[in-house]
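Visitor: I would like to learn how to read a helix and its surroundings in a model like this one. Could we begin with a local feature and then widen the view?

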Amino acid sequence: MSADLITDLSSRFPLTYPIPTPLSHPDLISSADLATEEDLLHNPENLRSWLSYISQIKDRIEKALPPPSDPPSPEDTLLGPLSSPVAREGLQQLVCIYERALAIFPTSFKLWRSYINTRQAYVLGTLSESAKKARAHQAKRGAAYKTNVKELLDGVEDAHEWVGGLDGVVGYEEWKSLIATGERMIGWLSHLPVPWLMHLSVILHPSCPAVFKRTYARRTFDRALRTLPPSLHGRIWGVYLRWAEIIGGDAGERVWRRFLKVWYLRLGLD
């Protein structure tokens with residue numbers, strides 16, 4: 001693979017920073033959306049209207065996407081979900097709408113979850129079938145699994161398997177933008193465990209740039225444990241210990257020792 005191709009592909013990113021606006025990207029709003037835009041202009045505090053608008057745009061993008069090439073080209077392999085101009089323009093359009101909605105509803109968990117899931121789909125790729133089953137299984141466990149670290153460890157590896165994804169070197173700037181957006185979500189919703197888990201799942205992706213996989217990851221896990229109440233620490237430890245296994249070495253060993261110390265104290269053991 002030539003260096004010229006890598007340089008050319010890297011130059012396309014980031015797509016989402018600075019945040020795309022109609023001023024910087026005149027084609028973001030199509031004539032078909034003018035009526036919806038006018039409705040939102042007169043009634044911007046209707047969250048349901050924003051979500052409906054976003055759903056319409058997603059459907060339009062999905063129908064316009066070209067079929068995947070078989071076999072995939074080197075460009076398709078490196079760019080993953082962002083290999084086509086339709087996908088890249090669609091991501092910018094969605095980011096513009098989400099950001100406008102979040103300016104009005106900055107503490108909406110429903111809106112943030114939809115936004116981050118959408119951004120992750122364009123960068124991380126698609127969850128594998130085993131990951132979807134693992135997450136569905138976790139959702140059915142009820143409240144008990146949220147503090148049972150053994151159960152969390154059993155399913156955490158399967159729950160974070162992805163197919164495809166944007167290459168961490170070629171798309172470094174886009175990965176960086178995604179992680180910065182996740183930090184903003186945590187800033188607004190730090191009292192909830194799910195935003196932390198959504199953000200931390202990015203770090204477990206095999207294509208995540210190396211700069212985010214060690215020191216940044218460890219500090220983010222530690223911030224989550226400091227911020228959330230002890231009753232919710234089990235959910236963080238499940239992912240944290242999986243990260244420790246991936247990293248290995250002294251760093252991974254220290255995490256396991258720290259966990260065992262906390263767990264022994266919790267059980268009242270010396």
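Guide: Helices here are DSSP runs of H or I with at least four residues, strands are runs of E with at least two, and both are numbered from the N terminus. This is a predicted model, in which local features need pLDDT of at least 70 and side-chain atom pairs count only at pLDDT 80 or more, whereas totals for chains, interfaces and linings use all residues. Residues are numbered from 1 along each chain as its sequence is written, and side-chain values use heavy atoms, with hydrogens and water left out.

Visitor: What should helix α6 span at 1.5 Å a residue?

Guide: The expected span is 1.5 Å times one less than the number of residues. For the 15 residues of α6 (residues 109-123) that gives 21 Å, and the end C-alpha atoms are 21 Å apart, which agrees.

Visitor: Which residues of α6 are buried?

Guide: An α-helix has 3.6 residues a turn, so residues three or four places apart point the same way. Buried means under 20% relative accessible area, with a 1.4 Å probe and protein chains only; among the buried residues of α6 are Leu 111, Trp 112, Tyr 115, Ile 116 and Arg 119.

Visitor: Against which elements do the buried residues of α6 pack?

Guide: Taking contact as heavy atoms within 4.5 Å, they pack against α3 (47-64), α5 (85-104), β2 (162-163), α9 (172-189) and α10 (193-203).

Visitor: How many helices and strands are there in the protein?

Guide: The protein has 13 helices and 2 strands, and buried residues make up 44% of its 270 residues.

Methods: Buried < 20%, exposed > 50% of the residue type's maximum accessible area, 1.4 Å probe, protein only.
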